[in-house]
Amino acid sequence: MDTLPFDVRVELDGWELFWARVASGRDHGGLDAVRRRVVDAVQLRFADVSEIAASPPTAALRKLFREAGCDPTRYRPSSEALLRRLVKGSELPSIHPLVDLNNCLSAELGVPCCVMREGSFGTRLVFRRGLAGESYESLRGPFSLENKPLLVDELGPVDAPITGSTRVMVEPSTTVAWLVAYLPAGVVSTGQASAALEALAAETGVGVATFRV
């Protein structure tokens, strides 16, 4: 792994952040099959949505959310919300090759993942608890970040492992982005995340370079 070209500081205990630079190419013909395989695997893993909360990654993430001051039954980790949709019968939609890869990784690992287009955030990142009054325009509308696990840069909030920010979202023309996976330390390792991502990338034709913090 190479060293990240920007600084990252994790101030919340119990978390590790896994980073990768991902690039879309011309041929992503394997994505449809990969999305179907990932959905099938999730539906085999969980017979019912009630089983998701007890899975080790989700249980650990819920604990970390509570420690940050966030109720995980009201604001679910994005991975838990994704798994619930899949277990209920939803498919992984085709959105963008880099977004699709991100969603497949999140479903496989059971942890929140986000892709942020290259150049949309600064060079000094901090993962901390959201402060009073902090908010951003999320992918589902205005979202309060107070007492939420939160990634910020020099300009303010960047991403939260609940819902992403429109500021850094991948656009139709995006070809290069940074993927971050929010890992509960000791439950899902950076090595596991790297191996899973590289396997998915090999199937889908997305280019990947992983980094150490």
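Angles under 35 degrees count as roughly parallel, over 145 as roughly antiparallel, 65 to 115 as roughly perpendicular and the rest as oblique. At about 140°, α1 and α5 are therefore oblique to each other. The model is predicted: local features need pLDDT of at least 70, side-chain atom pairs count only at pLDDT 80 or more, and totals for chains, interfaces and linings use all residues. Residues are numbered from 1 along each chain as its sequence is written, and side-chain values use heavy atoms, with hydrogens and water left out.

**Helix packing**

- The axes of α1 and α5 lie 8 Å apart. Axes are lines fitted to C-alpha atoms, for helices over the stretch in contact, and angles run from 0 to 180 degrees between N-to-C directions.
- Helices (H or I, at least four residues) and strands (E, at least two) are DSSP runs, numbered from the N terminus.
- From α1, Leu31, Val34, Arg37 and Val38 meet Leu200, Glu203 and Thr204 of α5. Contact means heavy atoms within 4.5 Å.
- This contact of α1 with α5 has 4 nonpolar, 1 polar and 2 charged residues. Here Ala, Val, Leu, Ile, Met, Phe, Trp, Tyr, Cys and Pro count as nonpolar, Asp, Glu, Lys and Arg as charged, and the others, Gly among them, as polar.

**Nonpolar cores**

- The largest nonpolar core holds 36 residues. Such a core is a set of buried Ala, Val, Leu, Ile, Met, Phe, Trp, Tyr and Cys residues joined through side-chain atoms within 4.5 Å.
- Phe18, Val22 and Leu105 have the most contacts inside this core.
- Two or more residues each come from β3 (15-23), α1 (31-45), α3 (78-87), α4 (97-109), β4 (113-117), β10 (176-184) and α5 (190-204). The largest share, 7 residues, is from α4.
- A second, separate core has 32 residues, among them Leu17, Leu64, Cys70 and Met116.

**Open sheet**

- Four strands form an open sheet in the order β2-β5-β8-β9, with mixed pairing. Two strands pair if DSSP finds at least two bridges between them.
- β2 (7-10) and β9 (156-159) are the edges; each has a single partner strand, so one side of each lacks a neighbour in the sheet.
- The average twist is 35° from one strand to the next.
- β8 and β9 run antiparallel, joined by 3 bridges.

**Asn147**

- Asn147 sits in the loop between β7 (141-144) and β8 (149-153). Its phi is positive, about 60°, although Asn147 is not a glycine.
- Asn147 is partly exposed, at 31% relative accessible area. Buried means under 20%, exposed over 50%, partly exposed in between (1.4 Å probe, protein chains only).
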